[in-house]
Amino acid sequence: MNAALRLFSLFLLVAAWYAGSEIAGQRLLPGPQTVGRTLLAEAQSGALAFHLGATLARVAVAFVIAMAAGTALGIWMGRSRLADRLADPWLVALLNLPALVIIVLAYVWAGLTETAAIAAVALNKLPNATVTVREGARSLDRQLDEMAQVFLMSRWTRLRHVLIPQLAPYLAAAARSGLSLVWKIVLIVELLGRSNGVGFEIGIAFQLFDVTRILAYAIAFVLVMLAIETFLVQPIERHVSRWRPRAA
Amino acid sequence: MSPAGDPGQLDVSITQKSYSAASGGSIEVLRDLAFTLKAGTVGALVGPSGCGKTTLLRIITGLDSDYVGTVRLPDHGKLGMVFQEPRLLPWRNVEQNLRLGAPEATDAELDVLFKVLGLAAHRHHFPGELSVGQARRVALARAFAVKPDLLVLDEPFVSLDAALAKHLQEELASLVTSRHVTTLLVTHNIDEAIGLADSLFLLSASPAHVIAEVPITQPRTRHNAEELATIRDEIARRLAKVAK
């Protein structure tokens, strides 16, 4: 029933797209079949896999760096009032700095390099992760902390079995919003200063006013992210929350 | 009290412990509180509620180091503790909870504990799937699994129904008897204290100190009702005097 509803909703989307392209004309909004053919051609030539791969690699590296650094910073700020006071203004500044400014500055200061690109993306995502994890670290259970202390648990045991599981819902929220944010910013970074990746391809297509290509690459990437969500993020979440008593 | 002392015993001597109050100034909780718990025996701290028993336990277990005085734990100082609430990790199953608390415990040792405490069927359950009594048993098992030099119990059976509390108390009594663990118990329940302890330390109202040490000579598995009643009345009378 659920799957049928989802399929029906998806079918409606494609139908609306088809109708839209009939009204607006193929040049402004090419229909599903045109985009599909282009997608197929790009896949066969290997260009699609090459650009998707480049973008995914950047997404993965930037995401891991931002989550690791953001989590560490969030835990530190959530647990120490001094750290919170010291780092909060920086965090607010970073949160409110437009993504474009960070990207342009990174390219100006570090050149049009891979490092600059990834650093810019990670820096854009980091404050979100920090703010979310800080919220979680503020609500940690002191009783479990004391238990760990009395039983002389090692630092690693405390981190892995006491701290991280408590933060799991916050980490999941940060990862979810992080993944979609990171890939959007990666495209801008590629558009501005890389010579491969989905963002670069979309930049070329824009100059040629090739809407078909723009849509083909966008759809390919959304499909990949959907697959990651379904086959990676959701199973991990189910595993991590297996101990929670099921809601009636 | 011998100053040299047996290295297996617990020596507590707290000159002063106070909290700074929110309104400024400070509240004195403990003053000149001293007692010695002999190796392999069970001591119970009994006193009026709010007299600072929990504070005292936090000092002994090292959770609070802001006090004047000395605490000498039994040699090696390995602690096993049962808190008022079980304080299990809800995201780890029963066996993992034990292993995380006591990484050195062998499979055979855990098997015995699971069997003695009737937990064998619940090894792979998560704490959220256990009853209140079972969760307390897991907390007990975890404390014993570390093979502690000092076992500390903070109102371990509070808020359990009477029958269950009695049952758990008997299980605990046979465990401490068979393993000769030096044990410190905090309770407001005099029956529970008499049922488990070799000696009772009666505490005064705040700022608390030890007003008397009452030895219980009968072995804890063979108390007779009359003698228990006599001791209970005696203790209740003395406590009522301090509580005012």
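This is a predicted model: local features need pLDDT of at least 70, side-chain atom pairs count only at pLDDT 80 or more; totals for chains, interfaces and linings use all residues.
At what angle do helix α3 and α4(B) pack, and how far apart are their axes?

Okay, the answer. Helix α3 of chain B, residues 107-116, packs with α4(B) at an angle of about 145 degrees, and the axes sit 10 Å apart. The crossing of α3(B) and α4(B) is right-handed. On the α3(B) side you can look for E109(B), L110(B), L113(B) and F114(B), and they meet A141(B), F144(B) and A145(B) of α4(B). Sorted by class, that contact has six nonpolar residues, one charged and no polar ones.

Now stay on α4(B) and turn to its other partner in this talk. Helix α4, residues 132-145 of chain B, also packs with helix α5 of chain B, residues 162-179, at about 15 degrees and with 11 Å between the axes. Angles under 35 degrees count as roughly parallel, so α4(B) and α5(B) are roughly parallel to each other. Here too the crossing is right-handed. From α4(B) we have G133(B), R136(B), R137(B), L140(B) and F144(B), and from α5(B) we have L164(B), L168(B), L172(B) and L175(B). The classes there come out as six nonpolar, one polar and two charged.

Let's zoom out to chain B as a whole. How many helices and strands are there in chain B? Seven helices and nine strands. The C-alpha atoms fill a box of roughly 50 × 45 × 40 Å along the principal axes. For 244 residues, a compact globule would have a radius of gyration near 18 Å, and chain B has 18 Å, so the two agree. Buried residues make up 39% of the chain. And if you take contacts in chain B between residues at least 6 apart in sequence, 72% of them join residues at least 24 apart.

Chain B also touches chain A. That contact takes 16 residues from chain B and 14 residues from chain A. On the chain B side, the elements giving two or more residues are β5 (79-82) and α2 (94-101). The chain B residues in it divide into ten nonpolar, three polar and three charged.

Most residues other than glycine have a negative phi. But E155(B), which is not a glycine, has a positive phi of about 45 degrees. You'll find E155(B) in the loop between β6 (150-154) and α5 of chain B. It has 19 C-beta neighbours inside 10 Å, so E155(B) counts as partly exposed. In chain A, L152(A) also has a positive phi, about 55 degrees. L152(A) lies in the loop between α7 (142-150) and α8 (155-193), and it's partly exposed, with 14 other C-beta atoms within 10 Å.

Last stop: P30(A). Is P30(A) buried or exposed? Buried, because P30(A) has 23 C-beta neighbours inside 10 Å, and 20 or more is the cut-off. P30(A) sits in the loop between α1 (2-24) and α2 (32-45) of chain A. Its contacts beyond four places in sequence are S21(A), V35(A), V211(A), T212(A) and L215(A). Take V211(A): 181 residues away from P30(A) along the chain, yet their C-alpha atoms are separated by 7.1 Å.

Methods. Residues are numbered from 1 along each chain as its sequence is written. Chains are lettered from A and ligands numbered from 1 in the order in which they are written. Helices (H or I, at least four residues) and strands (E, at least two) are DSSP runs, numbered from the N terminus. The radius of gyration is taken over C-alpha atoms; the globule rule is 2.2 Å times the number of residues to the power 0.38. A residue is buried if 20 or more other C-beta atoms lie within 10 Å of its own, exposed if 12 or fewer, and partly exposed in between; C-beta atoms are placed from the backbone. Two residues are in contact if their C-beta atoms, placed from the backbone, lie within 7 Å. Ala, Val, Leu, Ile, Met, Phe, Trp, Tyr, Cys and Pro count as nonpolar, Asp, Glu, Lys and Arg as charged, and the others, Gly among them, as polar. Axes are lines fitted to C-alpha atoms, for helices over the stretch in contact, and angles run from 0 to 180 degrees between N-to-C directions. Angles under 35 degrees count as roughly parallel, over 145 as roughly antiparallel, 65 to 115 as roughly perpendicular and the rest as oblique. A crossing is left-handed if the near helix is turned anticlockwise from the far one by less than a right angle, and right-handed if clockwise.
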